[in-house]
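Work through each task before reading its solution.

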Amino acid sequence: MSTSLNVNVGSVNLKSPLILASGTCNFGRELAEYYDLNILGGISSKGLTIKPRAGNPGVRVAECASGMLNSVGLQNPGVDYFIENDLDFMKDSGASVIVNVAGHSYEDYIAMVNKLDQYSDKIDALEINLSCPNVKEGCMTIGSDPVAIMFITSELRKLTKLPLWIKLTPNVTDIKATALAAQEGGADAVVLINTLMGMRIDIRTRRPVLTNNTGGYSGPAVKPVAIRMVAECSPILDIPIVGCGGVADYKDVIEFMIAGASAVEVGTACLVHPALPVKITEDLEKYCADIKLNLKDLTGTLQRW
Amino acid sequence: MDQKKEYRIKLVSKEFLINDTCYLGFECPEIARVSRPGQFVNISAGTVFLKRPFGIASVDKDNGIFYIGVKVVGKGTSEISEFELGSMVDCLGPLGNGFDFEGYENIILTGGGTGVFPINFAYETLTAAGKNVTVCEGFRNAEQVILNKEGYILTTDSGDMGIKGTVIAGLDAIYISEPSKTLICCVGPIPMMKAVSSWAADKGLKCLVSMEQRMGCGVGICLCCTVKVKDEGPDGFKNVRCCKEGPVFDSKEVVW
């Protein structure tokens with residue numbers, strides 16, 4: 001693979017800017033049936049919790065304009081099962097291993113990071129999920145409050161030398177405030193953005209389509225929101241940004257990088273086209289060859305009006 | 001293991017069976033060759049975002065064509081039903097586990113609604129293999145009856161065709177001589193599958209059901225289409241993926 005796609009997210013070197021977004025690739029195993037995961041910059045695991053979680057009951061997905069709502073609710077096998085059964089698979093894939101850490105309380109996050117720190121030889125970064133909208137406690141509740149973000153980030157910072165990427169929610173008034181709070185707490189990067197909270201209603205029954213009532217909106221529709229947030233945060237942050245939201249082709253990756261992202265996550269579009277990262281990677285290589293540049297030189301090159 | 005892929009395939013036949021339900025044939029030799037009854041395909045649907053899952057209704061291996069049935073229930077299925085011959089669609093498949101008939105000589109296939117499509121594929125496969133197959137299908141009324149073949153037991157809620165009542169009334173008419181060698185497979189609405197499941201339990205028959213749930217990806221990565229199955233853990237159940245661990249489950253495993 002061409003070195004023109006190499007990027008760095010702080011100390012983490014990725015052979016491509018493309019990372020599979022948490023919650024849209026499980027732990028990579030199912031997608032390995034479609035393509036060689038070694039082409040990827042990284043894989044961000046399904047959001048993990050200290051104990052296994054069954055997730056939300058009932059209907060968990062609803063089609064929306066250019067995207068979808070989900071209310072999976074962090075169904076996952078728990079961190080111990082992951083370490084035992086999935087971590088080595090991710091490591092052996094050749095992609096950098098990003099472990100997504102979710103919790104219901106500060107104590108959960110602390111216990112998770114303490115545990116995962118013992119496997120730092122197999123993990124390239126921890127993505128701290130302060131942004132899942134589909135659980136009642138933790139995640140977005142913490143991630144909406146700059147003071148709480150700074151507190152939890154600084155607490156986790158004491159526990160590990162692994163890079164800490166804080167995944168933030170767009171469901172806030174000022175993304176700059178929450179991104180700065182993560183930086184001040186000692187984050188190595190911020191991931192912008194998780195899903196936008198939304199609702200769809202069945203007009204016949206007058207009930208929400210999702211049994212959880214609300215869900216997280218993702219897909220191409222949310223890309224402009226994500227791009228705006230990356231572009232807003234890029235000038236004020238000293239730490240790198242990982243862009244995430246609505247990526248569906250190579251131009252979207254480039255757009256995120258121009259806005260200020262050092263790497264880019266792709267997620268919902270892979271639910272429709274599992275092997276999409278192969279096409280995006282080929283197109284990015286061609287783009288770099290055509291205009292003779294290294295992709296990382298694009299980061300933050302936005303020319304504002 | 002062969003690398004799986006997404007196919008771009010052509011619509012080569014289309015027939016409306018009743019006003020809201022059509023039968024579509026797509027050219028894809030790879031899918032036609034390897035599909036098993038109970039498996040499904042995920043098909044891109046015009047302007048909607050997510051693909052839509054459809055149980056495979058038949059395969060023509062010689063001509064490399066597989067068939068699905070589409071009942072119009074929303075925007076995605078509406079757009080698929082309006083595809084013209086020659087249209088190209090993106091398709092993933094075959095997906096899911098399919099029915100395992102191994103070890104059974106007598107197989108009862110039962111269902112209703114769009115469940116009659118996968119039942120059709122199972123019927124064709126089993127009769128070609130020389131198995132003893134009985135089919136019992138239920139519909140609301142005579143106007144809804146589709147894919148009915150000679151020898152099928154037919155029930156309608158209205159009673160204007162076949163036996164009046166649900167498929168249970170039809171199943172009661174079947175004489176089961178060897179319960180241990182008889183398997184019943186059901187594809188239909190959840191209340192029907194639940195009723196068939198308890199009917200089968202009463203008769204001491206193993207029962208397989210093909211579950212349906214709103215799907216995101218169809219390949220096991222989004223965890224949207226979960227089905228509750230029994231588990232020995234503290235919750236007494238666990239959520240498994242309809243698209244990956246299913247869609248076919250032993251009815252005794254399902255938390256109804």
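**Exercise 1.** Describe how α5(A) and α6(A) pack, starting from the handedness of their crossing.

Solution. The model is predicted: local features need pLDDT of at least 70 and side-chain atom pairs count only at pLDDT 80 or more, while totals for chains, interfaces and linings use all residues. Residues are numbered from 1 along each chain as its sequence is written, with chains lettered from A and ligands numbered from 1 in the order in which they are written.

Step 1. Helix α5 spans residues 146-157 of chain A, and its axis comes within 7 Å of that of α6(A), at a crossing angle of roughly 25°. Helices here are DSSP runs of H or I with at least four residues, strands runs of E with at least two, numbered from the N terminus. Axes are lines fitted to C-alpha atoms, for helices over the stretch in contact, and angles run from 0 to 180 degrees between N-to-C directions.

Step 2. The two helices, α5(A) and α6(A), are therefore roughly parallel (under 35 degrees; over 145 is roughly antiparallel, 65 to 115 roughly perpendicular, the rest oblique).

Step 3. The contact residues (C-beta atoms, placed from the backbone, within 7 Å) include A:Ile149 and A:Thr153 of α5(A) and A:Ala181 and A:Ala182 of α6(A).

**Exercise 2.** Determine how α6(A) is placed against α7(A).

Solution. Step 1. The axes of α6 (residues 175-185) and α7 (residues 223-233) of chain A come within 9 Å and cross at roughly 55°. α6(A) is therefore oblique to α7(A).

Step 1. α6(A) contributes A:Ile175, A:Lys176 and A:Ala179 to the contact, and α7(A) contributes A:Met229, A:Glu232 and A:Cys233.

**Exercise 3.** Describe the contact between chains A and B.

Solution. Step 1. Chain A gives 26 residues to the contact and chain B gives 22 residues.

Step 1. On the side of chain A that touches chain B, β5 (61-64), β6 (67-70) and α9 (268-272) each supply at least two residues. β6(A) gives the most, with three residues.

Notes. Two residues are in contact if their C-beta atoms, placed from the backbone, lie within 7 Å. A crossing is left-handed if the near helix is turned anticlockwise from the far one by less than a right angle, and right-handed if clockwise.
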